[in-house]
Amino acid sequence: MRRTIWALLTISALSLSAQAQTWTEQGDAGDLPETAQSTGSGSLTEIQGSLGASDVDMYAIYISDPANFSASTVGGATWDTQLWLFDSDGKGVVHNDDAVGTAVTQSRIDNSTGCLTGRQPGVYYLAISRFNRDPIGCGEGLIWRNDPFREVRCPDSGTPDQTSRVAGWTGTTTGGVNYRIFLTGAQGATAGDPADCPPFEGWDEQQNGGGDAGDLPTTAQIVNLPDAVHCQTPVQRVRGDLGANDVDMYVICITDPANFVATTVGTTTWDTQLWLFNCDGVGIVANDDYGGTLQSRLDNTPSCIQQGGIYLLAISRWNRDPVDSNGSALWASGTLSCATNTNPIAGWTGTTAAAGRYIITLQGAYFVRPTGCVEPPSCQPHNGDVDNNNCVDDADLLAVLFAFGQTGSNLGRVDVNCDEVVDDADLLQVLFNFGSGC
């Protein structure tokens, strides 16, 4: 009898362990596949968690039959939810904002529109956000449009990053909200590590600039790369992030004003303003709202840029505007126009909430030398006396060897023949004159 009871208890325990489970968020679930929260193993019927301000929670789940999968927050939240499903590579699969056939602002994704038809069983990533916090791809563009609502949608055709893996999120939201996601056809899974986005082609405020770009000529971020030739190597995009009351300013080169364009149209979702100054901080041209959008575009249509040279390009969120030392505005209008005040910029006025990510697409703009607006001392060819102590010796030879292969206009005396590259010619000049003056 005891053995029978023990066997029954064992069977009952095994049966309970095989029953559906609820996963409760452990700490804060990440918002990308590489930081998504694993959800254990076995059948998974519910996920519980909460969102902070501008938060997104992503979970790894296993779907054995994608065509019969569903996830819903209807009855599991009191606020405006959005649900997103990504495949094992982090690419968009299906999305809903406001469940179909209801009047609620909660969400439900399923295969009613065929987005999961033909999909293979495996690990997927389920994300929840508050309206209007939306996923963007490696190019910083939307994967889904913001509308229409009450539709179950595959990634939208024509969106900039329709086929990209998710790389981040745009839009700001309040937090402090709990949720329950009800699942069918799902099991717990361990998060994987999808391939990273390809390197950004252009200038990134953090990756290349090392931090937040300043907002004045003396703190502007110098757009320079070691292998870029001053005013010859094009820079086609600048990417960054604006915090509250933030303005980012960059030093760029413009060689042909008639061919210059800087725009946030199609790459940035919030109300941008673009400004161009000369190196002294005097305003040149600005724009707020282009072609019926809230984004901006600079060009030389009003003939504000009189000549090629080094300029300062700034981006702000409306209504953060440049002023002179008297607090006077530098521009009288937000249309594409030249500055009306010829005093240099001294600061910015107006307060803004954090704006988030942006990309400025450039045409006719170039990388600059490491000194930016500051002209380096002119190079004077010499006999190989790099340290200028009137003796060509080991120290000069080592200086050229350590700098060998460097290029640019600010190499100093290691560029013995002043051709903006340290190479065999410079080394031979030192060797030919070795011992001179010693």
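This is a short chat about a predicted model of one protein chain.

Colleague: How many helices and strands in the protein chain?
Modeller: There are 3 helices and 26 strands. The model is predicted, remember.

Colleague: What share of the residues is buried?
Modeller: Buried residues make up 47% of the 438. The chain exposes about 19900 Å², with 51% of that from carbon and sulfur atoms.

Colleague: Switching to charges. How many positive and negative?
Modeller: 20 positive and 51 negative. Their mean positions are 15 Å apart.

Colleague: Now rings. How many aromatic pairs in the whole structure?
Modeller: The search finds 10. One of them is Trp84 with Trp169, edge-to-face, 5.9 Å centre to centre and 75° between the planes.

Colleague: Which strands hold Trp84 and Trp169?
Modeller: Trp84 is in S5 (residues 81–86) and Trp169 is in S11 (residues 166–170), so the pair ties together parts 85 residues apart in sequence. Both Trp84 and Trp169 are buried.

Colleague: Which residues do ring pairs link into a cluster?
Modeller: Trp84, Phe86, Trp144 and Trp169.

Colleague: And how do Phe277 and Trp348 pair?
Modeller: Edge-to-face, at 6.3 Å between centres and 80° between planes. Phe277 sits in S19 and Trp348 in S25, so that pair joins parts 71 residues apart in sequence.

Colleague: Are Phe277 and Trp348 buried or exposed?
Modeller: Both Phe277 and Trp348 are buried.

How values were computed
Residues numbered from 1 in each chain as written. Predicted model: local features only at pLDDT ≥ 70, side-chain atom pairs only at ≥ 80, totals over all residues. Heavy atoms only, no water. Helix = DSSP H or I, 4+ residues; strand = E, 2+ residues; numbered from the N terminus. Buried < 20%, exposed > 50% of the residue type's maximum accessible area, 1.4 Å probe, protein only. Areas by Shrake-Rupley, 256 points an atom, 1.4 Å probe, with all protein chains shown as cover. Lys, Arg positive; Asp, Glu negative; His and termini not counted. Charge placed at Lys NZ, Arg CZ, Asp CG, Glu CD. Phe/Tyr/Trp six-rings, centres within 6.5 Å; stacked < 30°, edge-to-face > 60°.
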